[in-house]
Every structure is written in C-alpha cells, then in structure tokens.
Amino acid sequence: MSVRVRFAPSPTGYLHIGGLRTALFCYLFARSQGGTFLLRLEDTDRSRFVADAEEDITTCLEWAGLVIDEGPHLGADYRQSARTALYRQYAKQLLDVGRAYYAFDTPEALREMRGKGRTYDRETRHKMRNAFTLPEHAVQAWIVAGRPHVVRMRIPERNTVRFTDAVKGPVAFPVHGLDDQVIIKSDGQPTYHLANVVDDHLMGITHVIRGEEWLSSTPKHILLYNALGWEPPVMAHLPLILSPHGGKLSKRSAARLGIPVNVRDYRQQGYEPEALVNFLALLGWHPDTAQEVFSREALEQAFTLDRVAPSPARFDLDKLRWFNQQHLRLLGPDEVSRRIRAQVQASFGAVDPAYLLRVLAVVGARMVLRKEIITTYAYFFRDPEEYEPRGVKKRWKADSAGLVRAYADTLEQVEAFDAGVLETALRDLAAARNVGAGRVIHPVRLAASGTTAGPSLFEMLEVLGRECCAQRLRRAAQVLGT
RNA sequence: GCCGCGUUCGUCUAGGGGUCUAGGACGCCGGCCUUUCACGCCGGUAACACGGGUUCAAAUCCCGUACGCGGUACCA
C-alpha cells in the first residue's frame, strides 16, 4: 500500500514553527517512501477560526519547499467544516452499535461535576443527563424538540489500549483513565477526535505523524477505529520543541529571547528556507552518519522515522544561524543575489546586478543572514554616514589624514584598479613614509567603509572603484582631520 | 491529584550489554593564518539525573525516586 501522510493544522492562527516541524517530518517521511503528502484543515472550532490562517499555512509550506500533493487549495475536499454530514453519519453508526450515546448536560452541570474532580467516565455517566439515565422516549423527544445535546463516545468498561508508536515504541493506556469524549458538539460539528479518525480512514492515511501533545488522546482514537471496524494507521508522535530554557515555546517567552514563533517571521527576517528546514530536521532527528548540512532533497532521501528521538528538544537560535550561514554558501552568489536583489533595491535604489555579484563574492563567506548586505555592508551601496567612534579612537592617528590623502592621490593615478596593484601601492606608500603598512591600512578601511571590520581591504577597494574610493578617502581625511 | 511520555557535554545529538579513558555538531576558550573582522585549520572546556537490582561485565536491561514535558474541554 502506498504511503499517505497528512499534515492537519487547525487554522486558528499563523503557522507556528512547531507546526512547520511537524509538517516537515510528515513531508520527509512521505517523500522518503515515495508516498503522498496531503494538507487537511481541521477547522471544526468555529470560535477560534482565523480567516487568513489557511493562506498563511499554504504560503509558508510552499516557502519552505514542502510540496503539497493534495489539499484544499488544490481543489480537494479537505476542509473539515465542509464535511460535517460525513462525521454525523459515522457518529450515527457509533450510536447504532452502542459505542456512543446522547448527552444533554448543561455547561454548568459539567463544571460542577469537574469541580468535584470527576471526569465523565463510566461511573459518572450514570449520574448525568444522558441516554443512560433518561428513558429512551425522553431522549428522542428532547432531540426532536431541538434541545441542545452532544454525542459522546462510550469508553468500554475495562481494557488497556496498547499500540506501538513508531517513535515512542510500545505504549499502554488503561482505559479507565479515559473520559467519554464528546464526538459531536452541540453545534453539530465533530470534535477533533471523531473528525481526524474519520478523515484519516477515508483519506487512506497510512501514517499519522503529529506532535506529542496528541499521544494521550490516541487511545480514544484507537477505540474509535475499532468501534467503526477500521484498521488504525501507524501512529508516530514527535517530541515537542521547547524554548531554550526548557518551557513551552510560547509567543511571549520566544519573543523575549528574540526567537520568532511564526514561520512568516523567519521569512520576513530573511532566514533561508533551506536553513530552517535543515535546522528543524535535525531537531529531533539524526541520520546514521555524521552529516549535518543537508539539502531538502538529501533529507528526503535520508529520513527515517526510527531515527526520530523520543525526547523533546530545545530551540537553539545560534545553531539556526550557523545553518543559515552554511546554506548561504551552498546557495552560491547567483542565487543569493537573486534572493536579495529586491531588498537591496528597496534600500539603495537601482543596483547593477553585476556589482551586487561582486559585492557578494567579497563578502559571501562572512555573511550569516542575507540582510547583512543592506545593514553591515551598506557601505558598498552608499557612502558611510559616520565613522565608528571606537575605530576612530583606536586607528585614526595624527598622521592618518596625511597618509589617507596621499593614498587617495595614488588611487587616482594607479594604472589598473585591482586588489594586487592597490596593495603594492599601499605598501610602497607606507615604506616611503617610513611607517608600518597597518598605519595606512586601518585608516583607509575606516575612511572607505566607516568601520574597522570587513573583507580584505584591497578587494573591498577594488569593488568600490576608483572614484568612490578617492572621494571617500578625501572626505574622511577632511571630516576626521589633522 | 491522576494518566502517559521522557532524562548522555550549556544546546542538538551518536551510542542500545564488553570496541566508551563516551564520538560528532553548535556555542564558548586558546592557537595558527591575517597588520581588520570573518572564513579555514589545529587544540581545549564540558555529559551518561539519582538509588537499587540483573550480569563475569551496564550509558546501554529491570525496578524505584527525582526532575522535565504532555494530557486530563462541547480547543485543536
């Protein structure tokens, strides 16, 4: 049977980084098996529905390079809100075979019961208002009369549900700890528990891969499969992603640590999707080699469920940044320039593509984030607005202005404006003035870029060009003085 | 509270009875390269949660404890 895996988010907000990780593992497993990856929207909670969430989810998955084979945006009938009749049909089936029952309890009655520390289990259900405690004609009459009611699944009396999770291994849940979960809400919508079982079965899902927060409710799902006479799919529960300090990676804690929570924020902050994917894949999964840097295609090849770790992993922004640097290099100057061009133009106006490429060639290996081109390396596109005060203090000596002016003269006269020639010229100048080369190099860098750090000075000057360099050197000599 | 899952360097992890004086990566710290900052290279720091078993032998198997995380909804 061919493998079919679904990513089934709830459109209650923008795609979360943890959601992307789940989607990625689903996707990688599907691809590694030559299977199908589908997207299904679990929008049965109308009160939490967010209108633009679905678009954000598909956009972000696409950005990350996770190609969806089947999904609502491709015309498939995969929005649960549009499948209500289906769930009701199977709820009816469960009702008919006695594995589900009607219940009429008010929210107040439920709250009161829970206040006593009870759950809606095989004991409590005989004290509530439902098909167990009401005569059948009353149940029918109330339903006909439109009295609010839900359908609950009837958890069997005694049993232990066992299954082998593809990540966690053998798991056992005594059934007496489970409550009679609502499967059809009073608004007629199914709960997640019913809907996901029905859909996974109908859609031919072979492997349910989802976050660990679902592990506890899996026994209920297995019971539902059994009651419906269906074979449950393989279950695989992924460890959660924790914040760097160990807690839940909540919006607030993440924000405090500078960690974006929504996938769109990574995109907006200029992380490369390849890097994010690589980082996320290694958060909880490890190949059987020492390889760390993977393209998406390589991950698709190497991924296996049995090498997913069972324990939760903490988010490490430094490691993400390292992956980003690695992938920036892998991408190469052509691709990076394509990705960054729009931002460069927005910041500095029209830029010659060939020039951008030369800047990238000089700066490439030291970039962690592509946006550094318009921040750290802005001086390649416009004159420095100021000279780093600490650098000036350290490098700008009494003789600097004179040396910089002299070097500007040289630059204007030199025949070929390339790094080799520029270096020779500078060293000659230093020798002629009887000073160390550093005495010239540092002030020149400061004058040309405004900072003390950067690529090889002479390559930098070559890229900047003759006029630009001469002008910046003279201006600095004038501004910084003496 | 109850149920479930987990626990190897600061972090991600390898390892699944002897090859472990526990390996790799990120980070951090040194050094080399370089009269800048990086890159690169070399080196260093640093971990089997604890207690009992089982075994000739345990990071690896079993039990318990602690801690962490998840669940305990007419949310997913």
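**Around RNA strand B**

Start at His 286: an N or O atom in its side chain sits 3.1 Å from a sugar or linking oxygen of RNA strand B. Keep in mind that this is a predicted model. Arg 307 goes for a phosphate instead: an N or O atom of its side chain is 3.2 Å from a phosphate oxygen of RNA strand B.

Now zoom out a bit. RNA strand B is surrounded by 61 residues, and His 286 is among the closest, along with Lys 185, Ser 186, Arg 366 and Ala 437. By type, the residues of this surface split into 23 charged, 21 nonpolar and 17 polar.

Which element gives the most to the surface near RNA strand B? That's α12, with five residues. Other elements that each supply at least two residues include the helices α4 (107-115) and α17 (438-449), plus the strands β4 (150-153), β6 (169-174) and β11 (313-314).

Last stop, the cysteines. There are zero disulfides in the structure. Take Cys 60: its closest cysteine sulfur, in Cys 26, is 16 Å away, so the two are too far apart for a bond. Cys 60 is also buried, at a relative accessible area of 2%. Cys 468 is in no disulfide either, and its nearest cysteine sulfur, in Cys 469, lies 5.4 Å away, while a disulfide calls for sulfur atoms within 2.5 Å. Cys 468 counts as buried too, with 18% relative accessibility.

Technical notes
Residues are numbered from 1 along each chain as its sequence is written. Chains are lettered from A and ligands numbered from 1 in the order in which they are written. This is a predicted model: local features need pLDDT of at least 70, side-chain atom pairs count only at pLDDT 80 or more; totals for chains, interfaces and linings use all residues. Side-chain values use heavy atoms; hydrogens and water are left out. A residue is near a molecule or strand if one of its heavy atoms lies within 4 Å of it. A polar contact is a pair of N or O atoms within 3.5 Å; within protein, one must be able to donate a hydrogen and the other to accept it, and residues adjacent in sequence count only if both atoms are side-chain atoms. Helices (H or I, at least four residues) and strands (E, at least two) are DSSP runs, numbered from the N terminus. Ala, Val, Leu, Ile, Met, Phe, Trp, Tyr, Cys and Pro count as nonpolar, Asp, Glu, Lys and Arg as charged, and the others, Gly among them, as polar. Buried means under 20% relative accessible area, exposed over 50%, partly exposed in between (1.4 Å probe, protein chains only).
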